[in-house]
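Student: I have a structure to go through with you. Could we take it topic by topic?

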Amino acid sequence: MSVVPFSIRDRGSYLWFLIPGALLLLAVILVPFGMNIGISFTEWSGAGEPEWIGLDNYTRLMGDGTFWASFRHNVGLVVAMAVLPTLAGLVIAAALFDFVGKHFGSRHASILRACIYLPQVLPIAVAGIVWSWILAPQDGALNEVLRAVGLDSLAQNWLGDPDLALWSVMGVMLWIQVGYPVVIFMAGMQRVDPSLHEAAELDGASWWGRFYHVTVPQIRPEIFVVLLTCTIAALKVFAPIYVLTRGGPGGSTNVPSYYSFQNFFEKTQVGYGAAIATVLTVLILVLTTVFLRVQNRGDHR
Amino acid sequence: MKRHAVLWSMIVLAVVMLVPFFLVALNAVKTPEEYSTGGPLDLPGGISLDGIVAFWERVDFGEKLLNSVVISGSVAVLAVVVSVFNAYALGIGRVKGRLWILVVFLIANTLPQEALVYPLYFLANQVGLYDTKLAVIIIFTVIQAAFGTYLLTSTLGGFPRELLEAARIDGANKWQTLVRIVVPISKPTLGVLFVFFFIWTWNEFFLPLVLLISNENQTVPVALGVLQGQRMMDATMTSASALLGVIPAIVFFLIFQRALTRGITAGAVK
């Protein structure tokens, strides 16, 4: 009896199921993205005919100090949103998993995990509102706490001082982000075979030794995913900048995503805004590709 | 000793993470007078709902909540449906070139919204959908479904072939197989996707900010964010607004926790 395998039998007729999704994707993502690239080669105020100017927007970007500064600020946000949360997340997850979970019960561990994760469920704009009020210069809660404990000199205009604003935003982002790696890493640690830890313990490895040589290498896939997704999130960051500082003071917290928004809707330099958005996209796609390549190479070794 | 030191440092960390929530709740129930005399750290004399009521009325918060529920709920339902269709073709139907199709969906999910926003704004204007909930619903259906397709395709790729084969022998066509076999069995995963899509859409800010310009269409985060930008509120009203933004998120968090565990355990028992 020759039964045609299910998967090869009239594969074509499954294509019908792709049509709604494909049409929507075309209308909402692919065509608009193509248009954005097209617009980036024009000078356009959003009304009237766009004027084709070739690569002028991109050459202008090369010499635009505001643009480069916005990328430097973004590096700070990558540190605050991807690098530090990953490092802190590893230590916190291991502490919760190895100490709290094993000796005081997994219930305690998951309650603590929930507390640390909570900022993640807030709309990021709402988190920004909470913090802009805490960091307010006059009657903000942080300055009030500092004054209450006699550290008046440490009270600052956290978001209004150009030297401090980016650091303040970074602190807020760290608070928002740290719960995400903790949850992912704790899930990953459940996957690690306990006998690996027992073997290391028999060999006389300390807790740090086991953490470094067993836990971290075992949850490498999770670390990769967290670093990749958090770095992309940091490059796209918009809402907290909009709510906390509007890119100020004096452009000290401007980021590419906010800069393109300004060009689109405030300065009505749509072509220039589109060029910024295109560069940002290319950067994100290149980063994603590199990350995935490196991860694949690690897996095949 | 060491165990307790670790436990205590984790408790301290958890408390530090919760302090902002606590401060918001504390000040949202103060009167403006209490706030101006005692500052943000004093305990309130009683529970005053004036700030919350004033803010609620000022922005018509009930309307904003309804907008958010309508938009997020529609997106979650539609995006799950679209994801299922796509993943059925890719994961079970294994149509030709599925790897490349998946790459396109993945890229669609990775693209920054900045690179779509102006064309979407322009196109929405052209077709008369600018400043309508429908425009936002359609856009986020596609964005969420791009991720859903990616995730569901790998789940459905491992769908038991015997069940599909049995359905075919019983005379079910593809549509019947999808509705009667694939969807019921994948329900736990679909439930988790629904919750994710709902919360993610609820939290979105950038595209709704650009596309929902009029008051009666705005979502909760946009209404709060725009008002915050104007900086016209007193401190108690600001913390009241923050509290009203925080509460739905915490409610979802509780539901989300349950849905997630249910999804994971259901997957494990299977």
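Student: How far apart do the C-alpha centres of domain 1 of chain B and domain 2 of chain B lie?

Tutor: They lie 29 Å apart. This is a predicted model, in which local features need pLDDT of at least 70 and side-chain atom pairs count only at pLDDT 80 or more, while totals for chains, interfaces and linings use all residues. Residues are numbered from 1 along each chain as its sequence is written, chains are lettered from A in the order in which they are written, and side-chain values use heavy atoms, without hydrogens and water.

Student: Where are the bounds of the domains in chain B?

Tutor: Domain 1 covers 21-59 + 229-269, and domain 2 covers 62-227; such bounds come from an automatic or database domain assignment.

Student: What area is buried between chain A and chain B?

Tutor: About 7500 Å² is buried, with carbon and sulfur atoms giving 81%. Buried area is the accessible area (1.4 Å probe) that two parts lose on being put together, summed over both.

Student: How many residues does each chain bring to the contact?

Tutor: Chain A brings 83 residues and chain B brings 87 residues, contact being heavy atoms within 4.5 Å.

Student: And how many salt bridges cross the interface of chain A and chain B?

Tutor: The rule finds zero, a salt bridge being a side-chain nitrogen of Lys or Arg within 4 Å of a carboxyl oxygen of Asp or Glu.

Student: Changing topic, is A:Cys230 buried or exposed?

Tutor: A:Cys230 is buried, at a relative accessible area of 1%, and A:Cys115, at 17%, also counts as buried. Buried means under 20% relative accessible area, exposed over 50%, and partly exposed in between (1.4 Å probe, protein chains only).
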